Amino acid sequence: MSRLQLDQALVARARELAARAAAPVVDLAATYTTVSVERATLRLAGLTGTDPVDGDGEVPWVNRVVDAVRDQVGLEHGVALPAWHALGSGGTLQDLAEQVGAGTARFTVPEGAAADRAREASRAAVGAGIARIDANRARREELVATHGDPPRRPWIYLIVATGDIYEDIPQAQAAARAGADVIAVIRSTGQSLLDYVPEGATRTGYAGTYATQENFRLMRAALDDVSAELGRYVRLTNYASGLCMPEIAVLAGLERLDMMLNDAMYGILFRDINPHRTFVDQRFSRMVHARAGIIINTGEDNYLTTADAVDEAHTVTVSQLLNERLAHEAGLEDWQLGLGHAFEIDPAVPESFRLELAHALLARGLFPDAPLKWMPPTKHMTGDVFRGYLLDGFFNLAGALTGQGILLVGMMTEAVVTPWLSDRDLALRNVRYVLEAAGNLHEDFAPQPGGFIDRRAHTVLTEAVELLERIAAHPQGLIQAIADGTFGITKRSPDGGKGLDGVVRKAPDHHDPATELLTREVSRA
Amino acid sequence: MPEQGQDRDFGPSTGGSVVRPYGDTTGDGMVQTSFTLPVPPGPKADGAALQLAQKMGIEPAMVVHSHGIGSGGGAAGDSAAFTFFVVYGSVRHLVDLDAVHVEERPYPLLSPGEVNAAVKTRLRRSLVVLGACIGTDAHTVGIDAILNLKGFAGEKGLEYYRELQVANLGAQVSVPELVHAARARKADAVLVSQVVTQRDAHLRNTRELAGAFREAMGESRPLLVVGGPRFDPAMAADLGVDKVFGRGTTPGEVASYLVHALVPEEASA
């Protein structure tokens, strides 16, 4: 593997600053809970389905129960104490939900021995969900052992997005047969801003398919079939982002998804989701992903679609370091960190390919054990599909040459149409050609110390450390830095944005059986 | 390639009002196209592609390349259910330039850089834009696509524009609240999206919006822009607003319109 000779003192300094900048974010998760974290707890305990009466049958029971608890006793104690206290000695969560639907459920916050009983019962119920996640992880390991991993790196990652799960399935299977190792089902436009998770198999998404538990199950089963047929375990990806991040993470664990998009700051910066909501939700979702053996993919590529990929290259490095810190803190291991970066330098810039190699090698050198997620050009794809095909070829070459772990296949029709069957096929031929022709070129390729690539990587790392110094100098670290617009894109205040009303300060007796069970495992690990 | 006699009249020497595609010789009519048919690869597939090309007016046509899709591209290529073709040939069609009429947008489409520059140099302050979903409509997908940094259709939302000061009030904002916010923030433009159209709620809400602003602020009201998938862009005057955007509108179009409507042509002295 090609390696840069990075200044190890500078690397250590960068990690130390990232830890300091992220510390206030970690504290947030200990101080607050959110409606989505509480709903995720009920999902772990097995509550599914929707209220057939309320909101045209679209409102999930988990929303109804959490809202009812909040109305009656507040959410500062968590949903588990009042819910399992209401269950008492008999009945199921489903029965309780129906009582909420009928308006007959009465919640109180138990104390003393009653509280102990409620805590114990909730731990048992949530523990069953965690056991299912554990079983799925074991099953994945077994299937990988049976069918095998992809024969080489990078893994080839392809997107499917028809809006209709029953159209997605044959397309995903065809993509796997044509060489895709990872299938991502893009979500419907706007799902990230829904404060509930839709239910059931869905056929009406717009520019993507809704993430639902049933859609997850259907697609995973279809990929299991094709994995057996191909003798290669085909992985499934979805998106744990937006207002329901913790719940989607739980559903992913329950249905054996393999990778999830999960970025520390994306929702805040790009979707105007409240920072507290995002950071609290994110910590929970990452703990679940850690437990489920899911590889997260972070969203640094997005910075480069809004900012200049040369001038702002260091913001990618900073975000990767912060994402790494917040992932480790939540129990994720290096092999689970698909840190993102992208091939987005304007091809008209002289030496653009050498600059791309420098940035990609910097990420490789900083995170040697992480399966980096390499994202194709989008910003400079103009509709000239011939030029786009060439650019994608160079992107593939950079990916092979710099040892990227996961390669998102670029489409020459980017910015023109959602990919056609032939677009995907041509794109996969491009990847196959490059990997077969030059997949081992990294063995011969070593950037000259002190040369252009080496110097550029050092410059970006230095700029990243400077930006981290500024972030860490803020009294509230990352949170204040985001409010001040340090990331150059936009300012997001801690008390603005969507989903703030779903953030609740925890009372001293707050009980969250999921975090309790998951943390016990993290500290043991 | 055999040419029909009359075609020779259509070179540049005739004044050029009628033209044909150009491969490497004037008037050769050569085009290149690619497509996929849902048939397995083979002689029959190539024949099918030729038939399609001829119906498209490409004659003679050559299938210069074809391959199966959907089987992994390896030895099992013959099990593919689809075939991809690249076709070259000469089209019979003529283009009459005199009959080409281009519908021009009454204002130019600007890049984010051009929008920022126009606002900065000609307005000399940032442009204040307020967005909301009004009435009972909880579908913020439209206003979010236009305003959020994330944007829509590969274009960044208005938040991305340095010289635009954007506030998105979100869903279910009442008209009086919106009027109040517009006044408090000295909004130059108010953008409202409407998805729900039950019993023409989007039209009723828009008229209510226009009426409320007229009443509260008269001539000094901000620019009113509405959008949504069921709006007819020709209805602006009827609804009492300045502009209506329909389905598929991108942030860049909205930003370009704002510059056109709100930024003076020449820098003020």
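Tutor: Let us begin with a term: two residues are in contact if their C-beta atoms, placed from the backbone, lie within 7 Å. This is a predicted model, in which local features need pLDDT of at least 70 and side-chain atom pairs count only at pLDDT 80 or more, while totals for chains, interfaces and linings use all residues. Residues are numbered from 1 along each chain as its sequence is written, and chains are lettered from A and ligands numbered from 1 in the order in which they are written.

Student: Ok, how many residues of chain A are in contact with chain B?
Tutor: On the chain A side there are 20 residues, and they are in contact with 20 residues of chain B.

Student: And which helix gives the most to that side of chain A?
Tutor: That is α16(A), with four residues; helices here are DSSP runs (H or I, at least four residues), as strands are (E, at least two), numbered from the N terminus.

Student: What kinds of residues are on that side?
Tutor: The side of chain A that touches chain B has eight nonpolar, six polar and six charged residues, where Ala, Val, Leu, Ile, Met, Phe, Trp, Tyr, Cys and Pro count as nonpolar, Asp, Glu, Lys and Arg as charged, and the others, Gly among them, as polar.

Student: New topic: how many residues of α11(A) are buried?
Tutor: A residue is buried if 20 or more other C-beta atoms lie within 10 Å of its own, exposed if 12 or fewer, and partly exposed in between, with C-beta atoms placed from the backbone. By that rule 18 of the 18 residues of α11(A) are buried, and the helix is followed by A:G293, whose phi is positive, near 70 degrees.

Student: What about α6 of chain A, what should its span be?
Tutor: The expected span is 1.5 Å times one less than the number of residues, so the 36 residues of α6 (residues 112-147) of chain A should span 52 Å, which agrees with end C-alpha atoms 52 Å apart. Among the buried residues of α6(A) are A:A118, A:S122 and A:I133.

Student: Which residues have the most contacts inside the largest nonpolar core?
Tutor: They are A:V65, A:I183 and A:L468, in a core of 217 residues; a nonpolar core is a set of buried Ala, Val, Leu, Ile, Met, Phe, Trp, Tyr and Cys residues joined through C-beta atoms within 7 Å. A second, separate core has 12 residues, including B:A45 and B:F85.

Student: And how many helices has chain B?
Tutor: Chain B has seven helices and 10 strands, and 35% of its 269 residues count as buried.
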